[in-house]
Amino acid sequence: MAEIRDAHEDILFAPIEHTGRGFYWAVAFLSVLILWGAIAYAVQFTQGLGVTGLHQPVGWGFYVTNFVFFIGISHAGTLISAILRLSKAEWRRPITRMAEVITCMVIFIGAGQILVDLGRPDRMMNILHYGRYQSPLLWDATSISAYLMASLTYLYLPMIPDIAILRDRLQKRKLLYSVLALGWTGTEHQQRVLGRAIAIMAVLVIPIAVSVHSVVSFVFSMTLQPSWHSTIFGPYFVVGAIFSGIAGLIVTMIIFRKAYRLHYYLKPIHFRYLGQLLLIMALLWFYFTFAEYLTGYYGAEPEEMKIFWAKFTGPFWPFFWTMVLCNFAIPILCLASLRQHTVGKVLIASLSIIIGMWLERFIIVVPTLSFPRLPFPQGMYWPTWVEWGETAGSFGLFALFYLLFTKFFPIISIWEIREGRETGVKEVEERILSYLPGEADGKT
Amino acid sequence: MALWGMVIDLDRCTGCQACVMACKAENNVPAVGANEAKRGRVISWMQVLTETDEEHHASKTRFIPRPCLQCDDPPCTKVCPVYATYRNPEGIVAQIYARCIGCRFCMAACPYNAKYFNWYSYQKEAPGQNPDVSVREKGVVEKCTFCHHRLQKARERALAERREFDPAEYVPACAEACPAKAIVFGDLSDPASEVAQLARSPRAFKLLEELGTKPKVIYLTEGEGGG
Amino acid sequence: MAHPPSVSDRLVRRLQWIWLGGALFLVGGMIVWILHLIGAAWRLDDVPSASIGISIVAIPIFLVFMGVVFYVFWGVALHRRKRED
């Protein structure tokens with residue numbers, strides 16, 4: 001199998017072959033964040049959850065918000081990569097690997113948030129021994145496990161040909177690459193097998209991804225609490241997850257495009273298409289949010305209205321309106337026209353959305369708990385340094401996992417880019433020709 | 001099979017909170033301290049909620065002693081991931097401290113906020129506590145159990161004395177302590193019992209009944225001129 | 001393209017079998033776990049319908065995973081010597 005050895009490809013191997021000073025600076029910075037998080041958790045583990053700002057009645061705060069947020073980000077990856085693959089969108093080729101890695105890494109962080117939130121983490125095995133499937137938390141455990149396995153598989157399978165390239169090209173880590181490459185030599189039989197397996201996983205991973213965030217939303221919507229017990233939660237959370245996921249993907253792409261000088265591969269057109277997707281998701285998110293609040297407002301149930309006004313004008317108004325600004329106003333302004341300054345606009349929109357979506361999760365979790373139905377003594381929830389530290393550490397840990405991945409495996413799928421060059425153009429041409437008017441048997 | 005329930009007469013309740021203190025003493029409920037209380041972490045299995053009338057808040061305050069309502073369709077047991085809370089055949093919603101992983105889902109699900117969490121290890125085992133009730137460590141949820149240990153003791157005493165167990169022997173601490181006799185406790189499934197008769201009173205109502213939790217703590221609204 | 005002779009083929013083979021075994025163990029473990037939970041709910045008569053309902057969806061999915069993983073190992077690793085270009 002003759003390969004066109006492209007000099008530009010060297011840049012894709014560069015992070016694996018060389019390690020610059022920038023890497024060490026990045027690791028140092030992330031380590032500081034992770035250390036803060038580790039200390040925060042150590043304090044919490046020894047003393048108890050009292051070191052957080054949680055209290056009666058707000059028993060859930062930052063950790064559960066982070067849980068929903070990180071699991072939401074995970075939808076970027078596999079969902080985008082799977083949908084783009086199934087719809088044969090050629091522009092997906094440099095993006096799929098980055099997206100898939102996000103999903104795999106962030107699921108660990110997301111699931112970890114729940115473990116951090118437990119009052120008795122030493123008893124986490126109780127979920128295995130004594131789990132009850134009537135509880136939405138068990139649906140979470142099953143669904144997230146399925147998603148993790150599906151994502152890891154869906155990351156690993158398309159990596160096999162790239163690992164084979166590394167096995168043959170590099171001197172270091174020969175054993176690792178040889179084992180993981182499964183003896184890939186690019187024969188037609190192997191390509192057929194892999195193609196079929198990837199297609200099956202792409203189809204399978206989409207309903208699993210949808211189920212994951214639906215099930216996360218069910219943790220809230222299966223209770224009787226006002227503003228939680230809403231039928232819209234399933235689709236609302238999934239839309240929000242895809243929304244925040246694309247934003248996370250874009251930010252990651254821009255960071256690594258700069259750090260690893262991938263401008264040859266990640267072009268403005270890729271960001272433009274992702275930006276358009278992001279715009280659609282912003283509008284969709286707004287529609288769901290609008291429907292949700294209009295329904296609550298129109299029905300004017302007293303308990304719901306207590307929470308409604310708390311968000312609109314009461315103690316939570318800064319968070320609520322910042323959320324609307326970040327999730328709707330700023331993205332629309334940035335993404336409406338992407339011809340000029342594409343990457344800059346898309347970066348601002350994505351950062352804004354990441355903040356906005358975190359606030360959205362916060363706005364869902366905390367206000368409902370803050371206003372119980374009965375006249376219970378209340379108080380505002382204020383997070384402590386422990387919760388900030390845990391959040392910072394979580395971001396840091398995710399970033400570190402991601403960074404380490406890029407040191408071992410190419411962050412852009414090399415064989416898929418080659419495939420795009422060799423067969424992609426011809427396939428697309430044939431496809432377009434088949435759309436044009438002609439005989440039913442396909443011969444134009 | 002008995003179905004233990006409680007009737008609280010709001011017309012008799014003076015808001016003195018003797019029930020609260022009796023419950024805390026009986027069940028080794030920790031005093032969390034002033035700092036923790038300021039942060040909103042008081043644990044009070046029996047808690048007196050005050051509801052002021054919106055129009056006449058100067059003159060009309062209602063005191064609602066709220067234990068765990070021991071629902072017959074408990075929202076808390078549905079969501080527990082590890083069988084740490086469940087409704088036993090006699091209608092008491094039990095809490096298993098040794099199983100609880102502290103996820104606080106039951107706390108988020110309870111519409112009555114009847115569940116409390118040990119944010120720290122508020123106390124250790126020490127002399128002066130009630131030896132019949134376990135002392136809870138940090139990280140677990142706890143709540144009113146209708147003084148279930150008193151039921152067990154009464155049953156065992158009857159067994160030891162080779163006689164039938166009389167439901168009247170089983171009285172939770174709050175019902176025993178109330179100076180106004182506002183709390184009546186007994187077997188709701190026995191139509192002749194006082195608690196069952198009061199539950200059928202025209203003054204009877206249930207908190208948040210529309211949610212379908214089927215609570216077994218029934219309140220009697222204030223009489224003429226009030227409530 | 002033959003392997004460079006510096007890496008022991010047998011060691012690679014063995015590690016690949018361990019890799020496969022680990023993957024199947026994880027997925028198989030999930031199925032065993034779900035069945036265990038169904039059993040517990042049945043014994044305690046605690047809404048067994050929830051457990052069974054979820055397992056009807058979840059177990060086939062995990063079985064498909066096992067199938068895909070094994071299919072790839074079979075097709076790529078075990079048959080690589082056949083029909084080489």
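Chain A, to begin there, has a secondary structure of 15 helices and zero strands, where helices (H or I, at least four residues) and strands (E, at least two) are DSSP runs, numbered from the N terminus. This is a predicted model, in which local features need pLDDT of at least 70 and side-chain atom pairs count only at pLDDT 80 or more, while totals for chains, interfaces and linings use all residues. Residues are numbered from 1 along each chain as its sequence is written, and chains are lettered from A and ligands numbered from 1 in the order in which they are written.

Let me stay with the overall form of chain A. Its radius of gyration is 23 Å, close to the 22 Å that the globule rule gives for 444 residues, so chain A is as compact as a globular protein of that length; the radius is taken over C-alpha atoms, and the rule is 2.2 Å times the number of residues to the power 0.38. The C-alpha trace of chain A spans about 75 × 55 × 45 Å along its principal axes. Of the 444 residues, 52% count as buried, a residue being buried if 20 or more other C-beta atoms lie within 10 Å of its own, exposed if 12 or fewer, and partly exposed in between, with C-beta atoms placed from the backbone. Among contacts in chain A between residues at least 6 apart in sequence, 82% join residues at least 24 apart, and by contact I mean that the C-beta atoms of two residues, placed from the backbone, lie within 7 Å.

Now to the interfaces. Of the two pairs of chains that touch, chains A and B have the most contacts, whereas chains B and C do not touch, their nearest C-alpha atoms being 9 Å apart.

Between chains A and B, 36 residues of chain A are in contact with 37 residues of chain B. On the chain A side, H5 and H6 each supply at least two residues, and the residues of that side divide into 17 nonpolar, 14 polar and five charged. The classes are these: Ala, Val, Leu, Ile, Met, Phe, Trp, Tyr, Cys and Pro count as nonpolar, Asp, Glu, Lys and Arg as charged, and the others, Gly among them, as polar.

Between chains A and C, 35 residues of chain A are in contact with 40 residues of chain C. Here helices H5 (126–130), H6 (136–169), H7 (174–181) and H8 (188–221) of chain A each supply at least two residues of the side that touches chain C, and H6(A) gives the most, with ten residues. That side of chain A divides into 21 nonpolar, eleven polar and three charged residues.

How do the axes of H6(A) and H7(A) cross, and at roughly what angle? They come within 8 Å and cross at roughly 145°, where axes are lines fitted to C-alpha atoms, for helices over the stretch in contact, and angles run from 0 to 180 degrees between N-to-C directions. Residues of H6(A), among them Ile160(A), Ile163(A) and Leu166(A), meet residues of H7(A) that include Tyr177(A) and Leu180(A), and the residues of this contact divide into seven nonpolar, one polar and two charged. In the loop between H6 and H7 of chain A we find Arg173(A), whose phi is near 55°, a positive value in a residue other than glycine. Arg173(A) counts as partly exposed, with 14 C-beta neighbours inside 10 Å.

Two further backbone details belong here, against the background that most residues other than glycine have a negative phi, and most peptide bonds are trans. A cis peptide bond, with omega about 5°, joins Gln56(A) and Pro57(A), and Pro57(A) is found in the loop between helix H2 (21–47) and helix H3 (62–86) of chain A. In chain B, Arg162(B) has a positive phi of about 50° although it is not a glycine, and Arg162(B) is exposed, with 6 other C-beta atoms within 10 Å.

Lastly, the sheet in chain B. Four strands form an open sheet in the order E8-E1-E10-E9, with mixed pairing, two strands being paired if DSSP finds at least two bridges between them. The edge strands are E8 and E9 (204–205), each pairing on one side only. Strand E1 (residues 4–9) of chain B runs antiparallel to E8(B), joined by five bridges, and Trp4(B) has Asp187(B) as its bridge partner in E8(B). With E10 (residues 217–220) of chain B, E1(B) pairs in the parallel sense over four bridges, and there the bridge partner of Met6(B) is Val217(B). Is strand E8(B) buried or exposed? Five of the five residues of E8(B) (residues 183–187) are buried, so this strand is largely enclosed by the rest of the structure.
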